[in-house]
Amino acid sequence: DLSHSPFIVFYEVTRACDLVCRHCRANAQRNRHKDELTGENAKGLIDQLASFPKKPMLVLTGGDPIKRNDVYELIEYGCGRGLRVAMSPSVTPLVTGEVIERLREAGLSRLAVSLDGVDAKTHDDFRGVKGSYAHTFEILNNARRVGIPIQINTTITIHNVQQIDAI
């Protein structure tokens, strides 16, 4: 019932990100911004979300949530408060197999990654970093290996609209 509870909440936990995506609205930067919510403030936000009559799904996004050193703690805290917690990290070398295992151990319920082209050139040009296409598939395989459900997001633009069927 949307009159009293949101279904899903996207929490942009940081602006920090190592990609330079064409469509970025997060004003991505290499390091975390000094005005981001502290861990305690973030937990306060999670407490507020958990107080809804029907708890929403919480999606941690950014920038790149992996750039927050307390992201595992936030996942555990959210799960402990009865929320389903998902994440949409930036596809960078920070998202290793070990990181994905830690995400699962923390209680992550879903991992979403972006696939914005049928080939490396299209995807990497859109994300601004060579190799991100190949790394997307590494992340998908690692998530599958540890049993985290996956979701693939695609941003359709003039650069890839002709590839929709192939994607």
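**View 1. Salt bridges of the predicted model, with the pair Asp47 and Arg81 in close-up.** A search of the whole structure, which is a predicted model, finds 7 salt bridges. In one of them, Asp47 is paired with Arg81, and their closest N and O atoms are 2.8 Å apart. This pair links distant parts of the chain, since Asp47 belongs to helix 1 and Arg81 to the loop between helix 2 and strand 3 (85-87), 34 residues apart. Asp47 is partly exposed at 27% relative accessibility, and Arg81 is likewise partly exposed, with a relative accessible area of 34%.

**View 2. The salt bridges Asp116 to Arg127 and Asp125 to Lys121.** The side chains of Asp116 and Arg127 meet at 2.5 Å, N to O, joining the loop between strand 4 (110-114) and helix 4 (120-127) to helix 4 itself across 11 residues; both residues are buried. Asp125 and Lys121, whose side chains meet at 2.7 Å, N to O, both lie in helix 4, 4 residues apart, or about one turn of the helix. Here Asp125 is partly exposed at 37% relative accessibility, whereas Lys121 is exposed at 60%.

**View 3. The crossing of helix 1 and helix 2.** The axes of helix 1 (residues 39-50) and helix 2 (residues 71-80) come within 10 Å and cross at roughly 25 degrees, so the two helices are roughly parallel. Helix 1 passes helix 2 in a right-handed crossing.

**View 4. A nonpolar surface patch formed by Phe7, Ile8 and Phe10.** The patch covers about 340 Å². Phe7 is placed in the segment before strand 1 (8-12) and is exposed, with a relative accessible area of 58%.

Terms used: Residues numbered from 1 in each chain as written. Predicted model: local features only at pLDDT ≥ 70, side-chain atom pairs only at ≥ 80, totals over all residues. Heavy atoms only, no water. Patch = residues over 30% accessible without salt bridge, like charges linked within 9 Å, V, L, I, M, F, W, Y side chains within 5 Å. Areas by Shrake-Rupley, 256 points an atom, 1.4 Å probe, with all protein chains shown as cover. Salt bridge = Lys/Arg side-chain N within 4 Å of Asp/Glu carboxyl O. Buried < 20%, exposed > 50% of the residue type's maximum accessible area, 1.4 Å probe, protein only. Axes fitted to C-alpha atoms, helices over the stretch in contact; angles between N-to-C directions. Parallel < 35°, antiparallel > 145°, perpendicular 65-115°, else oblique. Left-handed = near helix turned anticlockwise from the far one by under 90°.
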